[in-house]
Amino acid sequence: MNSSRSAQRAVIKFLPAEGEHASQIYRGMKDVYEKQCLTLRTIFLRCRRYEARHVNSKDLPRPGQAHIVISSATISAVDEPIRQNRRITAREIAVELSISKGTVHHIIHEKLGYGKVCAQWLPKHSQKIRRQREWLFA
């Protein structure tokens, strides 16, 4: 049996229109969906929401910080100031581009592969070469 939440929402959307009460819907769904069944409180709230004409069976948007998709345009926008000034900080880039410092940090370290050496951004593979040279000539 399909126990997905969207299928259960469709049931909750349909049965009140047929005159079923939320407690009756819960008892019927509990028999069918068993452990994956929505709680009685959730069914009551959804029935009330559908009665108030909120008939969308998908989740409503939730509050919180909007998600920013890291695209190639964003990556190149972060890479440009680094190439112009190797001593620029992640915070300065974030302010300049109006994106979060965490996003800038993720792009710099994970996508572009830079790391700070002597207050300058360098590609990580050149850091490894530099450390090997220091070890050989030390």
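This is a predicted model: local features need pLDDT of at least 70, side-chain atom pairs count only at pLDDT 80 or more; totals for chains, interfaces and linings use all residues.
Local features were considered only at pLDDT of at least 70 and side-chain atom pairs only at pLDDT 80 or more, whereas totals for chains, interfaces and linings use all residues. Residues are numbered from 1 along each chain as its sequence is written, and side-chain values use heavy atoms, without hydrogens and water.

Helices are DSSP runs of H or I with at least four residues, numbered from the N terminus. Helix α1 spans residues 5-14 and helix α2 residues 22-33. Their axes come within 11 Å and cross at roughly 150°; axes are lines fitted to C-alpha atoms over the stretch in contact, and angles run from 0 to 180 degrees between N-to-C directions. Helices α1 and α2 are therefore roughly antiparallel, a class that takes angles over 145 degrees. The crossing of α1 over α2 is right-handed, that is, the near helix is turned clockwise from the far one by less than a right angle. Contact, defined as heavy atoms within 4.5 Å, involves A7, Q8, V11 and I12 of α1 and I25, M29 and Y33 of α2. By class, this contact holds six nonpolar residues, one polar residue and no charged residues. Ala, Val, Leu, Ile, Met, Phe, Trp, Tyr, Cys and Pro count as nonpolar, Asp, Glu, Lys and Arg as charged, and the others, Gly among them, as polar.

The axes of α1 and α3 come within 9 Å and cross at roughly 55°. These two helices are therefore oblique to each other, the class left after angles under 35 degrees (roughly parallel), over 145 (roughly antiparallel) and 65 to 115 (roughly perpendicular). This crossing is also right-handed. R9, I12 and K13 of α1 meet I43, R46, C47 and Y50 of α3. The residues of this contact comprise four nonpolar, no polar and three charged.

C37 counts as buried because its relative accessibility is 11%, and C47 is buried at 5%. No disulfide was found, with the criterion being a pair of cysteine sulfur atoms within 2.5 Å.

H106 lies in helix α6, residues 101-111. With a relative accessible area of 33%, H106 is partly exposed, the class between buried and exposed (over 50%). Beyond its neighbours within four places in sequence, H106 contacts I70 and K111. H106 and I75 are 31 residues apart in sequence, with a C-alpha to C-alpha distance of 10.0 Å.

Terms used: Buried means under 20% relative accessible area, exposed over 50%, partly exposed in between (1.4 Å probe, protein chains only).
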